[in-house]
Amino acid sequence: MKQEFRRRYSAVRKSFCDKAEKDLIINNLIINSSIYKSADKVLCYKALSDEINTDLIITDALNSGKTVALPRCDDSPTGISFYRISSMKDLKKGAFGISEPDPEICEKVFDFDGALCIVPGIAFDKSGGRLGYGKGYYDRLLTKNTLFSVGLCYNCCLCEALPVEKHDMRVSCIVTENGIVYL
């Protein structure tokens, strides 16, 4: 069932032509939100080509003096660890072709207190359910830590209900190009 939803919403995400415009709107909604402004730490992700580009969020957080940490796939219990970056130059291609922090120059983050976690997903539902890529990285991260989690989603990939299981963690709010949905 989840695989069918992944295929459907992955195709939807790849089918529209105004991606850059929608990405900019979503990034600006985050940057101008009170949840972002009050966060000392921002856990973010470096987007794949069909994901919402987060470069503006990352750059703004760095310029605002926030602690910015991005994930790196590893053999930790969650499958990912977050490393603090000081610039985009701290990234290199890692697992799945994703730009990740270079552990040779970046410090691993262990304290997530007060962090805002920007969560990727293929699709979300209106109760905060998330359809990820099936590895469970963010589900395990959100289970082990108390974080305010924000799902980034194109409005066309926000649906009424997704198939969720008991281990699937819901996000605290969702941001689409149409606005912020607090849950």
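These are my notebook entries on a predicted model of one protein.

**Ground rules**

I number residues from 1 along each chain as its sequence is written, and for side-chain values I use heavy atoms, with hydrogens and water left out.

**Entry 1: overall build**

I looked up the secondary structure first. The protein has five helices and 13 strands. Helices (H or I, at least four residues) and strands (E, at least two) are DSSP runs, numbered from the N terminus.

I then checked the radius of gyration, taken over C-alpha atoms. The value is 15 Å, close to the 16 Å that the globule rule gives for 183 residues, so the protein is as compact as a globular protein of that length. That rule is 2.2 Å times the number of residues to the power 0.38. Along its principal axes, the C-alpha trace spans about 40 × 35 × 30 Å.

**Entry 2: inside and outside**

How much of the protein is buried? I found that buried residues make up 52% of the 183. Buried means under 20% relative accessible area, exposed over 50%, and partly exposed in between (1.4 Å probe, protein chains only).

The protein exposes about 9000 Å², and carbon and sulfur atoms supply 51% of that area. Accessible areas come from the Shrake-Rupley method with a 1.4 Å probe; for residues, only the protein chains shown count as cover.

I also looked at contacts (heavy atoms within 4.5 Å). Of those with a separation of 6 or more, 68% are between residues 24 or more positions apart.

**Entry 3: charges**

I counted 25 positive and 24 negative side chains. Lys and Arg count as positive, Asp and Glu as negative; His and the chain ends are not counted. The centres of the two sets lie 3 Å apart. For the place of a charge I took NZ of Lys, CZ of Arg, CG of Asp or CD of Glu.

**Entry 4: salt bridges**

A salt bridge is a side-chain nitrogen of Lys or Arg within 4 Å of a carboxyl oxygen of Asp or Glu. By this rule I get 13 salt bridges.

Arg13 pairs with Asp50, with the closest N and O atoms 3.1 Å apart. Arg13 lies in helix α1 (residues 2-15) and Asp50 in the loop between β1 (41-43) and α4 (55-63), so the pair ties together parts 37 residues apart in sequence. Both Arg13 and Asp50 are buried.

Asp111 and Lys41 form a salt bridge at 3.2 Å, N to O. Asp111 sits in the loop between β6 (107-108) and β7 (115-119), and Lys41 in strand β1, 70 residues apart. Asp111 is partly exposed at 45% relative accessibility. Lys41 is buried at 16%.

Glu160 and Lys126 form a salt bridge at 2.8 Å, N to O. Glu160 is in the loop between β11 (158-159) and β12 (173-176), Lys126 in the loop between β8 (123-125) and β9 (130-131), 34 residues apart. Glu160 is exposed at 59%, and Lys126 is partly exposed at 45%.

I also noted a network of salt bridges linking Lys2, Glu165 and Asp168.

**Entry 5: Val12**

Where is Val12 found? I placed Val12 in helix α1. Val12 is partly exposed, with a relative accessible area of 25%. Leaving aside neighbours within four places in sequence, Val12 is in contact with Cys156 and Cys157. The C-alpha atoms of Val12 and Ala123 are separated by 9.9 Å, and the two residues are 111 apart along the chain.

Conventions
Predicted model: local features only at pLDDT ≥ 70, side-chain atom pairs only at ≥ 80, totals over all residues.
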